[in-house]
Amino acid sequence: MQSKNHAAVWLTGLGVGVMGACSATYPTLVESRSEEVALTCLSNGRALVGPSLEVLHEAVVCFTPRQITYVGKATDSYGSARVIDVHGATILPGLVDTHVHVTATDAPPWHFRKPDAEHNLQAWLWMGVTTVFDMGGDPEELQELNTAVSNGELLGPRVFFGHEPITAIDGHPIPAIKALLPWPLDNLLASQVPTIAEPKEAPALVQRMQRRGAQYIKIIHDALPPSSPKLDPERLGALVDAAHTAGLKAMVHIGSNQDAFEAVNAGADHLAHGVYNEPISDELVSLIKAKNVSVTYTAAGFDNTREMAAGKYEPAGWIKPTTDPEIYAAVYGPPGKQFSELDVLGEFSKTIAERLTLQNNIAKLHAAGVLVLVGTDSPIAGVFPGGSYLEELMFLQRSGIPTHTLLRHATALAAQQLAPAGSKFGVLEVGARPDVLVVQGDPLTDLNTLRELTFVFAAGKEVTRTVH
Ligand SMILES: [Zn+2]
């Protein structure tokens, strides 16, 4: 598929990049099986069924390319189905990454490479991620990519998407764009960031995003760098209200306790990062719980960035074979230290070196019953599509979320919390979208089993890994 060739900006929680640099050389990660299969049945496995991932032994799971048609005990007749015996293996629903940037790159600013959405999409599937929520990109372009995936033109997860995040005048990510890009590109791209001057502009701004296809509204409420402006509660509230009036959820990027308080009080549905630069306050934890707001921490991303800026980042072992060797070398060990020398982002790296507070904050939210979802913010420097998803799961597990619970957050609960009404996925149940994984061993007790997926079915179609 041809990607758009005009200059495009992509904005992430942490980074900024620009098209026009050289291309990266990524390995092909997945291939599809050529023949069409009308009905597939996985038999004799151990299935993790329903939103609670209840264990069903000697299970059979059948699906067409449209939906799961059977989940239960062995039957006598499979008709004309392709039957695959998965004895000894576990069948589970495909994983959900709740914070990605499909059209971004994992190349760091000191080694600019053109974003490669096709690679990113493949990398998520390689890891068993069959649904992603994009948190900041061009909705027309994301729509096009999602259509290419559903047509079978590209291999990738289903993409839900919002739009370029709305921010304060001169708010994040505008200072980062101006710091990292040469004139006049900086001004050009900064001018494409949607900003709000007056609360009364909110409805028209939200409607414009909705007309462009956005399925939710993304708002930035974080002073990054600390001296930069952020939205005030009035403008933030006007945007969230406008989103709700339009029938859309409001996802808010936050950093501090105060940001999060204001976002939740404004009616935010989801926090697209957690409080990362100070201990989370007990009052905030209670408020988030009371308002039924979910949080995606993107914790591995913050942690990797901290390590990278210190020149000590060593990506997890499964990342090397799935990425471009030059990009890998540019962030691994001492070269990664260049992050700390960047304008604006260098300042950010100092903040996190001194004040990064993740594990206790996650533990407190989880203990209070807040839904902590799994999301990576990938791809950005040091955070890889697909590969970093497992890093994130492991970080959340180390922060005290039990593995079984975590896998529910990674599948059915993410779908229930964030998906637009009427789409059923992330669950082995009749009628659900047929996103199905098979792993050897028991992922409920050992996340490492997810490193060797025996089968990945995305929308009922088998994809095989070509790299291990
Ligand atoms: Zn992001």
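Visitor: How many aromatic pairs does the count come to here?
Guide: In this predicted model, the count comes to ten aromatic pairs.

Visitor: Take Phe-63 and Phe-457, then: how are their planes and centres placed?
Guide: The ring centres of Phe-63 and Phe-457 are 5.0 Å apart and their planes stand at 65°, and because an angle over 60 degrees counts as edge-to-face, that is the label this pair receives.

Visitor: Are Phe-63 and Phe-457 buried or exposed?
Guide: Phe-63 is buried, and Phe-457 is buried as well.

Visitor: What about Phe-133 and Phe-160, why is that pair called stacked?
Guide: The planes of Phe-133 and Phe-160 are at 20°, with the ring centres 4.9 Å apart, and the pair is stacked because planes under 30 degrees apart are counted that way. This pair also links distant parts of the chain, with Phe-133 in strand S10 (residues 129-134) and Phe-160 in strand S11 (residues 158-161), 27 residues apart.

Visitor: Which aromatic cluster do they form, and with which residues?
Guide: Phe-133 and Phe-160 form one aromatic cluster together with Tyr-216 and Phe-425. Phe-133 has a relative accessibility of 0% and so counts as buried, and Phe-160, with a relative accessible area of 3%, is buried too.

Visitor: Which residue lies over the face of Trp-126?
Guide: That is Arg-465, which lies at 3.9 Å from the ring centre of Trp-126.

Visitor: One more, where is the place of Ser-256?
Guide: Ser-256 is found in the loop that runs between strand S15 (249-254) and helix H7 (257-266).

Visitor: Why does Ser-256 count as buried?
Guide: Its relative accessibility is 14%, and the label applies because buried means under 20% relative accessible area.

Visitor: What does Ser-256 touch?
Guide: Leaving aside residues up to four places away in sequence, Ser-256 touches Val-275, Asn-277 and Glu-278. As for Ser-32, which is 224 residues from Ser-256 along the chain, the C-alpha atoms of the two are separated by 43 Å.

Notes. Residues numbered from 1 in each chain as written. Predicted model: local features only at pLDDT ≥ 70, side-chain atom pairs only at ≥ 80, totals over all residues. Heavy atoms only, no water. Helix = DSSP H or I, 4+ residues; strand = E, 2+ residues; numbered from the N terminus. Buried < 20%, exposed > 50% of the residue type's maximum accessible area, 1.4 Å probe, protein only. Contact = heavy atoms within 4.5 Å. Phe/Tyr/Trp six-rings, centres within 6.5 Å; stacked < 30°, edge-to-face > 60°. Lys NZ or Arg CZ within 6 Å of the ring centre and 35° of its normal.
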